[in-house]
Amino acid sequence: MSATASAGGKGKLLSDTLAVAKAEGRSALIAYLPAGFPTIDGGIEAVKAAFDGGADVVEVGLPHSDPVLDGPVIQTADDIALRGGVRIADVLRTVREAFEATGKPVLVMTYWNPIDRYGVERFTAELAAAGGAGCILPDLPVEESEAWRKAAERHGLATVFVVAPSSRDERLAKITAVGSGFVYAASLMGVTGTRESVGLEAQDLVGRTRATTELPVCVGLGVSNREQAAVVAGFADGVIVGSAFVKRLLDAPDLAAGLAGVRELAGELAQGVRRRA
């Protein structure tokens, strides 16, 4: 593990990782995988496989019974994880083991309700202790985020907010003023899932968001292959891929094949973010 990875709050590790990608003249590759899928141990190995293949950052999803922003692929994976008995402790273990194995930034992506029930101070303290870099909170309004942000800051965690094409410029400024790490730009209206093309809306959203902040702007929702990654890398600081990774695990005949698929896809996407269309 590098000296950077072992020092202080891991929110800085996230920022440093994104800065290194920028210095290399490329976008960062950010993978998403839910904890507990296909099993708790298998999910940990999947995160490691994504890093092995070339991901710079991994978002570990905290499975939710009503994932309103997620498409059918991630909903299916969440359901499998929940039926397998996944708990917040397992999500934190996934973060810990992935970070200890790689020294790379691991975020948690979660809806607000589970954290609220668990306790903000308890969750931020335990996530930091596990080596987590921060949290993506897609349904937490910035107006209600102060308690979270203060706790996260105390523990050196990044707070990543999500912006959408429907966000007006004034709203973008309000969101980016209080976020840290990066800004998650949802490229399309609606739920997550792979798309045939990643629209011009995404490029417009990135431009409008950059006008309000110095934070990196990373684009998610819709990227599933090397070519799409190259297109998004042409205008975004990071390319976020989720459903395509989950689908590799869902479609595989066994865990070993699934892990190989995750590793292979990460390698293809890593080439894409370096190539730029």
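**Rings, core and charged pairs**

Modeller: In this predicted model, Y118 is buried, and F123 is buried as well.

Biologist: What kind of aromatic pair do Y118 and F123 form?

Modeller: The ring centres of Y118 and F123 are 6.1 Å apart, and the angle between their planes is 85°. Planes over 60 degrees apart count as edge-to-face. The pair formed by Y118 and F123 is therefore edge-to-face.

Biologist: Which residue has its charged end over the ring of Y118?

Modeller: A charge sits over a ring only if, among other conditions, it is within 6 Å of the ring centre. Over the ring of Y118 there is a charged end at 3.7 Å from the centre, and it belongs to R122.

Biologist: How are the rings of W112 and W148 arranged, and which helices do they tie together?

Modeller: The rings of W112 and W148 have their centres 6.1 Å apart and their planes at 90°, so this pair is edge-to-face. Both residues are buried. Because W112 lies in helix α6 (residues 112–118) and W148 in helix α8, the pair ties together parts that are 36 residues apart in sequence. The arrangement is thus edge-to-face, and the helices are α6 and α8.

Biologist: Which residues do the ring pairs link into a cluster?

Modeller: The count of aromatic pairs comes to three. One of them joins Y118 to F123, and another joins W112 to W148. Through ring pairs, the cluster is made up of W112, Y118, F123 and W148.

Biologist: What does W148 touch, leaving aside residues up to four places away in sequence?

Modeller: W148 is among the residues with the most contacts inside the largest nonpolar core. Leaving aside residues up to four places away in sequence, W148 touches W112, I115, V120, F123, T124, C135, L137, L140 and T159.

Biologist: How many residues does the largest nonpolar core have, and which element gives the most to it?

Modeller: In soluble globular proteins, nonpolar side chains tend to be buried together. Here the largest nonpolar core has 92 residues, and F123, W148, F182 and F245 are those with the most contacts inside it. With seven residues, the element that gives the most to this core is α13.

Biologist: Which residues of α12 are buried, and what covers them?

Modeller: The buried residues of α12 are S243, A244, F245, V246 and L249. Their cover includes β1 (28–34), α3 (40–53), α4 (72–83), β9 (238–241) and α13.

Biologist: Why does the salt bridge between E264 and R248 tie together separate parts of the chain?

Modeller: The closest N and O atoms of E264 and R248 are 3.0 Å apart. E264 lies in helix α13 (residues 255–275), whereas R248 lies in helix α12 (residues 243–251), so the pair ties together parts whose separation in sequence is 16 residues.

Biologist: Is R208 buried or exposed, and with which residue does it form a salt bridge?

Modeller: R208 has a relative accessible area of 18%, and because buried means under 20%, R208 is buried. The side chain of R208 meets its partner at 2.6 Å, N to O, and that partner is D169. The pair links distant parts of the chain, with R208 in helix α10 (residues 200–210) and D169 in helix α9, 39 residues apart. In short, R208 is buried, and its salt bridge is with D169.

Biologist: How many residues apart in sequence are the parts tied together by K174 and E143?

Modeller: The side chains of K174 and E143 meet in a salt bridge at 3.8 Å, N to O. K174 lies in helix α9 (residues 169–178) and E143 in the loop between β4 (134–136) and α8 (146–154), so the parts they tie together are 31 residues apart.

Biologist: How many salt bridges does a search of the whole structure find?

Modeller: Side chains of opposite charge can pair when their charged atoms come close. The pair of K174 and E143 is one of these salt bridges, and a search of the whole structure finds 18.

Biologist: What is the mean pLDDT of the protein, and where is the pLDDT below 50?

Modeller: A pLDDT of 70 or more is reached by 91% of the residues, and the mean is 90. The pLDDT is below 50 over residues 1–8 and also over residues 189–197.

Technical notes. Residues numbered from 1 in each chain as written. Predicted model: local features only at pLDDT ≥ 70, side-chain atom pairs only at ≥ 80, totals over all residues. Heavy atoms only, no water. Salt bridge = Lys/Arg side-chain N within 4 Å of Asp/Glu carboxyl O. Helix = DSSP H or I, 4+ residues; strand = E, 2+ residues; numbered from the N terminus. Buried < 20%, exposed > 50% of the residue type's maximum accessible area, 1.4 Å probe, protein only. Core = buried A, V, L, I, M, F, W, Y, C linked by side-chain atoms within 4.5 Å. Contact = heavy atoms within 4.5 Å. Phe/Tyr/Trp six-rings, centres within 6.5 Å; stacked < 30°, edge-to-face > 60°. Lys NZ or Arg CZ within 6 Å of the ring centre and 35° of its normal. pLDDT = per-residue confidence, 0-100.
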